[in-house]
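Hi there,

Here is the structure I promised to send over. Please have it open while you read, and my notes follow below.

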Amino acid sequence: MKSSTEIVMLLAGLLFVLGVAGVIIRKNIIFMLLSVEVMLNASGLAFVAAGSRWAQPDGQVMFIFILAMAAAEVSIGLALILQIYHQHKSLDIDKLKEMKG
Amino acid sequence: MVITRHNPVHALLYLIISLLSISVIFFLLGAPFAALLEIIIYAGAIMVLFIFVIMLLNLGKETARQEKEWLKPKVWIGPAILSAILFAELFYLITTAHAAPYSLQTVDPKAVAVSLFRPYLIGVELAAMLLMAGVVGAAHIGQHKKMILHRFLKEEDAL
């Protein structure tokens with residue numbers, strides 16, 4: 001019987017990998033943002049599991065910071081999506097190629 | 001399930017289910033404060049933002065059809081293999097670690113609060129500044145720039 005923190009860490013790793021795959025395979029910006037949310041959740045889960053493993057409150061503090069960062073990121077990202085949709089009438093990231101580096 | 005749906009609203013519902021299950025895991029890990037924050041902020045506030053934007057952009061069956069065209073096996077087989085390799089490495093690292101026996105202990109919200117406002121006070125203030133910058137930036141980006149566009153069009157007409 002494995003200890004429960006390892007199982008939770010494995011779950012966090014699985015969620016993170018799923019988020020990475022979602023970011024890579026999707027072409028719609030909204031789905032990419034959802035996948036980023038999944039990845040942030042996975043990292044928060046790992047932090048809370050580690051904090052619970054050593055009985056320290058630091059993990060939950062980091063989780064609260066991740067939560068605040070996710071909220072700010074989502075608000076900015078959704079505002080950008082609105083602007084992109086109003087200018088290009090599309091959410092396809094392959095069509096946003098005018099910003100050539 | 002979140003990353004394979006064609007309809008954005010279905011993906012959002014599956015993401016909410018995922019958030020609720022993660023919240024239950026937090027509760028089982030002895031972090032009830034984090035579980036409450038997860039439900040209230042993630043499933044409450046952020047999902048409402050997503051739903052608002054999806055309704056505003058009027059993404060419906062057309063987007064689902066478009067996604068169905070994009071999501072072919074040729075597209076997702078490569079990233080799936082890469083992700084499987086990454087997960088295999090994570091699995092190997094986690095399972096080969098030497099785990100000492102221990103017991104899960106509940107971290108009560110009081111300890112979190114004391115830790116949050118004594119050693120991490122700078123972090124709290126930085127998070128507050130980040131949220132403030134996020135609000136101001138979203139308000140600035142989200143406003144319609146029709147006036148500027150109109151002026152450019154006028155200039156082109158004049159030229």
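What percentage of the 101 residues in chain A is made up of buried residues? The answer is 55%. Please keep in mind as you read that this is a predicted model.

Let me begin with chain A. Its secondary structure consists of three helices and zero strands, giving the pattern α-α-α along the sequence. Of the contacts in chain A with a separation of 6 or more, 59% are between residues 24 or more positions apart. The accessible surface of this chain is about 4300 Å², and carbon and sulfur atoms hold 71% of that.

Now for chain B. Here there are seven helices and zero strands, and the sequence reads α-α-α-α-α-α-α. Chain B has 159 residues, and buried residues make up 29% of them. Among the contacts in chain B with a separation of 6 or more, residues 24 or more positions apart contribute 61%.

Next comes the interface. The size of an interface is often given as the accessible area lost when the parts come together. For chain B and chain A, that buried area is about 6100 Å², and 78% of it lies on carbon and sulfur atoms. Helices α1 (8-28), α2 (32-57), α3 (61-70), α4 (73-95), α5 (109-117) and α6 (121-142) of chain B each give at least two residues to the side of chain B that touches chain A. With 13 residues, α2(B) provides the largest share of that side. By type, the residues on the side of chain B that touches chain A are 51 nonpolar, 15 polar and three charged.

In terms of residue numbers, chain B brings 69 residues to the contact and chain A brings 66 residues.

- A:Gln60 sits in helix α3 (residues 58-88) of chain A. Its relative accessibility is 4%, so A:Gln60 counts as buried. Apart from neighbours within four places in sequence, A:Gln60 is in contact with B:Gly30, B:Ala31, B:Phe33, B:Ala34, B:Val107 and B:Val112.

- B:Ile46 belongs to helix α2 of chain B. B:Ile46 is classed as buried because its relative accessibility is 2%. Setting aside residues up to four places away in sequence, B:Ile46 touches A:Glu37, A:Ala70, A:Ala71 and A:Val74, as well as B:Ile41.

- B:Leu20 lies in helix α1 of chain B. Is B:Leu20 buried, exposed or partly exposed, and what is its relative accessible area? B:Leu20 is partly exposed, at 39%. The C-alpha atoms of B:Leu20 and B:Ala43 are 7.5 Å apart, while the two residues are 23 residues apart along the chain.

Happy browsing, and do write back with any questions.

Best wishes

Note on methods:
Residues numbered from 1 in each chain as written. Chains lettered and ligands numbered in written order. Predicted model: local features only at pLDDT ≥ 70, side-chain atom pairs only at ≥ 80, totals over all residues. Heavy atoms only, no water. Contact = heavy atoms within 4.5 Å. Buried area = accessible area lost by both parts, 1.4 Å probe. Helix = DSSP H or I, 4+ residues; strand = E, 2+ residues; numbered from the N terminus. Nonpolar A, V, L, I, M, F, W, Y, C, P; charged D, E, K, R; others polar. Buried < 20%, exposed > 50% of the residue type's maximum accessible area, 1.4 Å probe, protein only. Areas by Shrake-Rupley, 256 points an atom, 1.4 Å probe, with all protein chains shown as cover.
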